Amino acid sequence: MKRVVLMGLGLLAAVPAQAQVKSTDPQSIAKALQDAGYKAELSKDKDGDPIIRSGAQGYKFTIFFMTCEKGRNCGDIQFYAGWTNKLSPARANAWNQKHRFARVYSDDQGEAAIEYDLNFEDQQMSTTLFQKNLELWDSLVGSFVDYVNETEETPKK
């Protein structure tokens with residue numbers, strides 16, 4: 001019996017630990033972005049909270065660290081991209097009805113914006129899962145850019 005237990009423990013030790021990202025460790029998120037082929041410029045916003053500037057589909061985006069305590073121990077992150085293209089509330093609502101993971105809106109100037117949140121709640125996320133979320137974000141940005149660039153159709157009578 002001891003031999004079986006020891007062999008089982010040996011097998012567990014042979015499994016490499018999977019890399020993790022944490023909202024409380026902005027550098028881990030920047031590294032995961034870079035490992036996936038994205039640029040990642042880590043800095044701080046005006047309140048001292050971390051931010052990462054990057055790009056997808058040829059467009060710039062920012063990752064905001066949210067629910068931070070004085071610039072540290074952030075609970076989650078938000079991907080954000082915005083354009084000067086105008087987006088009516090009706091078109092934003094039409095997009096949101098068809099797309100589950102991201103939300104779009106027109107900002108105070110009526111310009112198009114898209115956001116995508118990742119909730120960590122002080123937990124780690126595997127780099128693989130983070131990169132899957134990154135791929136989804138990238139795809140949503142591309143779809144949204146196409147949507148924003150379409151002309152608004154005249155309603156049919």
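Trainee: At roughly what angle do the axes of helix 2 and helix 4 cross?

Mentor: This is a predicted model, in which local features need pLDDT of at least 70, side-chain atom pairs count only at pLDDT 80 or more, and totals for chains, interfaces and linings use all residues. Residues are numbered from 1 along each chain as its sequence is written, and side-chain values use heavy atoms, with hydrogens and water left out. The axes, lines fitted to C-alpha atoms over the stretch in contact, with angles from 0 to 180 degrees between N-to-C directions, come within 10 Å for helix 2 (residues 26–35) and helix 4 (residues 127–149), and they cross at roughly 65°. Because 65 to 115 degrees counts as roughly perpendicular, helix 2 is, relative to helix 4, roughly perpendicular.

Trainee: Which residues of helix 4 make the contact with helix 2?

Mentor: Contact means heavy atoms within 4.5 Å, and helix 2 contributes Ile-29, Ala-32, Leu-33 and Asp-35. On the side of helix 4, the contact is made by Thr-127, Phe-130, Gln-131 and Leu-134.

Trainee: Which residue of strand 3 is the bridge partner of Glu-41?

Mentor: Strand 2 (residues 41–44) and strand 3 (residues 50–56) run antiparallel and are joined by 4 bridges, where pairing requires at least two bridges found by DSSP. The partner of Glu-41 in strand 3 is Arg-53.

Trainee: Is Met-66 buried, partly exposed or exposed?

Mentor: Met-66 lies in strand 4 (residues 59–66). Buried means under 20% relative accessible area and exposed over 50%, with partly exposed in between (1.4 Å probe, protein chains only). At 30% relative accessibility, Met-66 therefore counts as partly exposed.

Terms used. Helices (H or I, at least four residues) and strands (E, at least two) are DSSP runs, numbered from the N terminus. Angles under 35 degrees count as roughly parallel, over 145 as roughly antiparallel, 65 to 115 as roughly perpendicular and the rest as oblique.
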